[in-house]
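Open your viewer and get ready to select residues by number.

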Amino acid sequence: MDDASVSTLTRDPAVGGLTTGAVARLLGVAPTTLRSWDRRYGIGPASREGGRHRRWTAADIRLLECMCGLTNAGMPPAEAARAALAAASPEPSARPDEQQGRVGKPASHAPGALPIGRARRECRGLARAAVRLDAQAMDELLAAAIERYGLLAAWESVMMPTLHAVGRKWETAGERYVEVEHLLSWHVSSALRRAASQRAPVAGSGVSLLACTPGESHTLALEALAAGLAQQGLPVRMFGAALPVEAMEEAVRRTGPAAVVLWAQSRSTASRALVARVESIEWGVRGARRRPVVLVAGPGWAGQLPPGARHPSGLAEALDALAAISRR
């Protein structure tokens, strides 16, 4: 929680604290985990509305932040709870620097905070859950973000910034954080697929074929595009990473797509020759032959766009373009 939020709770008693769900989103902890910590270790709100509903004050949340920091450092929950409670009620004889030495310093091997910066609250919570490798919390936070903001905003404001933060941390931390990146990517992918499965395709719309160029393994942006199309009832075929040229040509001939999207993350995987080959593929009966509209997507195409190529600047523009093509 940022200092402004904590000070608001402390300064204005009328605020009444935060609900368990709000605290869970803020800290990146599953609500069931917070309830378990309360029940097992006494790490819970000091008061409840009507004796039942939890309301977390600034002091409660500071205690939770201490608990989260210690468990992030690899300390078992029971031991972390004892240390957090002790830190909240220090012995009078203990100097502040001694207290900090006992409970304030995470183990040297523990991951630190991710460089989220000023991103929205849900983004910070997701980052914390990823660092802890908390699968349940990640699933709940991702589902809540999609439900609250919609797929497009959740991807651009929560998922993508957190993925980028993990990537930046991994690049500067040697071999650390690889496990965080892999687990977060898997749960983002799972959340996108769940969102995509909620609506059946509408009959009569043209198919969009999505594929990474040969040698390209980054698929999450295409998965977000596939999920966005599916949510609009538009049929989509997602072929994923590193589709060989021959397989791509065969897929185009067999599906007869209205549009083909070729994703390249790096310049080394962006191929102008491939675009020309896909654009030349025809299907249909003599006299009514058709060709797909080809869109190139991803940062790899920057500075080397094929002549006349469409290059959407982001997910929203790609969705609009494909929706218009599919509904012709």
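**Stop 1: the charged pairs**

Select R291 and E282: they form a salt bridge, with the closest N and O atoms 3.2 Å apart. A salt bridge here is a side-chain nitrogen of Lys or Arg within 4 Å of a carboxyl oxygen of Asp or Glu. E282 is partly exposed, at 33% relative accessibility; buried means under 20% relative accessible area, exposed over 50%, and partly exposed in between, with a 1.4 Å probe and protein chains only.

Before moving on, note that this is a predicted model, in which local features need pLDDT of at least 70 and side-chain atom pairs count only at pLDDT 80 or more, while totals for chains, interfaces and linings use all residues. Residues are numbered from 1 along each chain as its sequence is written, and side-chain values use heavy atoms, with hydrogens and water left out.

How many salt bridges are there by this rule? The count is six. Next, pick E122 and R148, another salt bridge, whose closest N and O atoms are 3.0 Å apart. E122 sits in helix α7 (residues 121-132) and R148 in helix α8 (residues 135-149), so the pair ties together parts 26 residues apart in sequence. Helices are DSSP runs of H or I with at least four residues, numbered from the N terminus. E122 is buried, at 6% relative accessible area, whereas R148 is exposed, at 51%.

Now go to R277 and E249, a salt bridge with its closest N and O atoms 2.8 Å apart. R277 belongs to helix α13 (residues 272-279) and E249 to helix α12 (residues 245-255), so this pair links parts 28 residues apart in sequence. R277 is partly exposed, at 39%, and E249 is buried, at 11%.

**Stop 2: the largest pocket**

Select W155, H164, A221, W263 and Q265, which are the closest to the centre of the largest pocket among its 29 lining residues. Which helix gives the most to this lining? Colour α9 (151-172): α9 supplies seven residues, the most. Also supplying at least two residues each are α10 (178-196), α11 (220-231) and α14 (315-326).

**Stop 3: the cysteines**

By the rule that a disulfide is a pair of cysteine sulfur atoms within 2.5 Å, the count is zero. Select C66: the nearest cysteine sulfur, that of C68, is 9.4 Å away. Finish at C123, which is buried, at 0% relative accessibility.

Note on methods. On a 1 Å grid over the protein atoms alone, a cavity is a set of points where a 1.4 Å probe fits but cannot get out, and a pocket is an open set with protein on both sides within 12 Å along at least five of seven lines; lining residues have an atom within 4 Å of a point.
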